[in-house]
Amino acid sequence: MAAINQTPGFAQSRIRQLPSAVLTVTHADKLPRPVLLYLLTVVLPIGFYAGPLYITTLRLFLMVLILPLAFRLLAGAYGKLIITDFLFVLHILWGAVAIATNNPDQLVQQVGSVGVEFLGAYLMGRAYIRTPETFMALSRTLIVLVLCTTPFAIYEALTGQPLIIELIRKLPRITTVTIVSIDRRMGLERVQSVFAHPIHYGLFCSVVFSLCFVALRGTMTTVRRFLTSAVIVASGFLALSSGALTAIAFQFGLIIWATLFRSIKARWWILVGLFALGYVSVDLLSNRSPIEVFMSRATFSAHNAYWRAIIFEWGMKSVWAHPLYGIGLNDWVRPWYMFSGSMDNFWLVIAVRYGLPGFLFLAVGYLAVIFRVMRRDFSGQERMLLLRRAWVFTFLGLTFTLCTVHIWTNIYSFVFFMFGAGVWFIFYDPVVAEGTIDPKDPPQGQRAESTTQPPTAVQNTPYSRFPHRLAVRYPPS
């Protein structure tokens with residue numbers, strides 16, 4: 001791999017010395033254009049009506065690509081099929097069954113929009129983000145997008161006016177997200193920026209935090225990396241969402257743990273053990289479940305904590321009352337004094353809406369990829385370790401945060417795009433990627449067993465004015 005390109009403002013001498021594998025990256029690979037267009041549809045919430053159907057530019061874009069991407073996935077163009085591919089399809093199909101059972105009149109609109117936003121985004125990440133270079137290009141692009149929204153976020157925090165949304169609303173025959181009116185917190189307006197809710201903007205920033213602070217370590221100066229990460233955190237803070245801050249705090253805690261105990265090989269198993277010990281301790285010492293305790297603590301006020309506890313209690317009652325098909329889009333049963341039907345728990349919403357099968361298809365597929373990525377051995381490949389760590393930290397933080405917030409529309413699609421953008425870690429082979437061996441050759445272990453003689457040099461090479469190089473060929477196995 002080539003050395004780092006010298007870009008304006010890049011002071012290589014100021015980077016702390018890292019292993020050579022960290023610094024051998026290239027900026028030659030740019031973000032694929034379909035991904036760039038997709039991200040623009042995420043951060044520019046433009047919609048319009050086609051007859052009775054409401055269509056956003058994001059949905060329209062994914063509607064065009066979803067079938068070609070699905071066919072190419074089935075043809076093996078994006079690596080082997082994994083169990084998550086099937087489980088995610090089953091999740092959407094079961095969701096269609098649940099909606100058909102509970103709300104047959106809304107089947108086409110609901111399943112069409114949610115299916116395209118979910119599966120289309122997952123396939124986008126699965127198809128186009130498949131190398132370290134494209135993953136890093138994605139990280140840099142997302143950082144730029146957050147930094148572009150920061151001035152608007154500061155203005156909105158002071159005035160309550162989301163300028164980008166207001167500008168889109170002025171365009172003829174174009175609609176966009178509703179401007180949310182929420183009580184101020186800490187003397188500031190809650191920033192929704194370009195999303196449907198302030199929580200979504202905070203989550204967007206939280207996803208980008210580790211991609212900047214961890215994934216791009218060694219590609220920018222330490223000062224620049226810290227300052228950029230600080231701006232991202234500050235932008236996410238302006239959403240004044242406890243869910244987004246929880247995600248960032250969780251990632252920050254994992255970064256500190258990885259730094260303090262980097263010399264201990266079993267540090268992550270130790271952390272898992274501490275989490276298990278904490279879970280059991282809370283379960284024994286509290287009259288509430290550990291999940292309820294966590295959700296009550298991850299909030300700005302005691303009132304919100306109490307409210308979330310009630311939501312979880314009555315949401316689970318709905319799950320056990322309708323375990324197979326859920327309740328679809330119908331209103332859920334709750335105490336009379338709960339005037340709002342919002343449910344601040346993504347995982348709970350899925351179980352309530354689509355029943356336990358719909359929830360399990362999604363949750364098992366989600367966890368299967370995370371566990372497989374975490375188990376990949378990238379020893380000695382510092383760049384891959386950093387990229388994998390950034391992605392895993394992001395989704396561990398999101399997993400817990402989605403217990404306290406709900407996501408829909410653009411941010412829902414974006415989360416599962418980023419999820420699909422991490423599947424390549426499961427298959428990536430740096431030896432094949434760098435052209436050292438032919439991808440059609442047998443795996444290294446099998447090749448070592450079948451090789452009975454050392455590699456031979458290719459003789460009788462034609463005359464060349466360039467120095468001869470030893471060409472290595474392995475005998476057929």
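User: What is the handedness of the crossing of α15 and α16, and at what angle do their axes cross?

Analyst: In this predicted model, the crossing of α15 and α16 is left-handed. The axes of α15 (residues 382-401) and α16 cross at roughly 140° and come within 11 Å.

User: Which residues make that contact, and what makes their classes nonpolar, polar or charged?

Analyst: From α15, Trp-391, Phe-395 and Leu-398 meet Val-415, Met-418 and Phe-419 of α16. Trp, Phe, Leu, Val and Met count as nonpolar. The contact of α15 with α16 therefore divides into six nonpolar, no polar and no charged residues.

User: Why is α16 called mostly covered?

Analyst: A residue is buried when its relative accessible area is under 20%. In α16, 11 of the 12 residues are buried. Among them are Asn-410, Ile-411, Tyr-412 and the glycine Gly-420. For the chain, 48% of the 477 residues count as buried.

User: Why is α14 described as roughly antiparallel to α15?

Analyst: The axes of α14 (residues 346-375) and α15 cross at roughly 160° and come within 12 Å. Angles over 145 degrees count as roughly antiparallel, so α14 is roughly antiparallel to α15. In passing α15, α14 makes a left-handed crossing. On the α14 side the contact includes Trp-347, Tyr-366 and Val-369, and on the α15 side it includes Arg-388, Trp-391 and Thr-399.

User: What classes of residue are present in the contact of α14 with α15?

Analyst: The contact of α14 with α15 has 11 nonpolar, one polar and one charged residues. Arg counts as charged and Thr as polar, and both Arg-388 and Thr-399 of α15 belong to this contact.

User: How do you know that α2 and α3 are roughly antiparallel?

Analyst: Helix α2 (residues 33-43) and helix α3 (residues 57-74) pack at about 150°, and their axes are 8 Å apart. The cut-off for roughly antiparallel is an angle over 145 degrees; α2 and α3 are therefore roughly antiparallel to each other. The crossing in which α2 passes α3 is left-handed.

User: Which residues of α2 and α3 meet, and how are they classed?

Analyst: Pro-34, Leu-37, Tyr-38, Thr-41 and Val-42 of α2 meet Thr-57, Leu-58, Phe-61, Leu-62 and Leu-65 of α3.

User: Why is Leu-60 called partly exposed?

Analyst: Leu-60 has a value of 38%, so Leu-60 is partly exposed. Leu-60 is found in helix α3. Not counting residues up to four places away in sequence, Leu-60 touches Phe-48 and Ile-55. Its C-alpha is 9.5 Å from that of Thr-41, 19 residues apart along the chain.

User: What makes Ala-96 buried?

Analyst: The value for Ala-96 is 18% relative accessibility. Buried means under 20%, and Ala-96 therefore counts as buried. Ala-96 is found in helix α4 (residues 83-102). Leaving aside neighbours within four places in sequence, Ala-96 is in contact with Leu-107 and Val-111. The C-alpha atoms of Ala-96 and Gly-112 are separated by 9.2 Å, with the two residues 16 apart along the chain.

User: Are Met-186 and Leu-240 buried or exposed, and how do you know?

Analyst: Met-186 has 59% relative accessibility; exposed means over 50%, so Met-186 counts as exposed. Leu-240 has 0%, and therefore Leu-240 is buried. Met-186 lies in the loop between α7 and α8, whereas Leu-240 lies in the loop between α9 and α10.

User: What is the phi value of each of these residues?

Analyst: Phi of Met-186 is near 55°, a positive value in a residue other than glycine. Phi of Leu-240 is near 50°, likewise positive in a residue other than glycine.

Definitions and conventions. Residues are numbered from 1 along each chain as its sequence is written. This is a predicted model: local features need pLDDT of at least 70, side-chain atom pairs count only at pLDDT 80 or more; totals for chains, interfaces and linings use all residues. Side-chain values use heavy atoms; hydrogens and water are left out. Buried means under 20% relative accessible area, exposed over 50%, partly exposed in between (1.4 Å probe, protein chains only). Helices (H or I, at least four residues) and strands (E, at least two) are DSSP runs, numbered from the N terminus. Axes are lines fitted to C-alpha atoms, for helices over the stretch in contact, and angles run from 0 to 180 degrees between N-to-C directions. Angles under 35 degrees count as roughly parallel, over 145 as roughly antiparallel, 65 to 115 as roughly perpendicular and the rest as oblique. A crossing is left-handed if the near helix is turned anticlockwise from the far one by less than a right angle, and right-handed if clockwise. Contact means heavy atoms within 4.5 Å.
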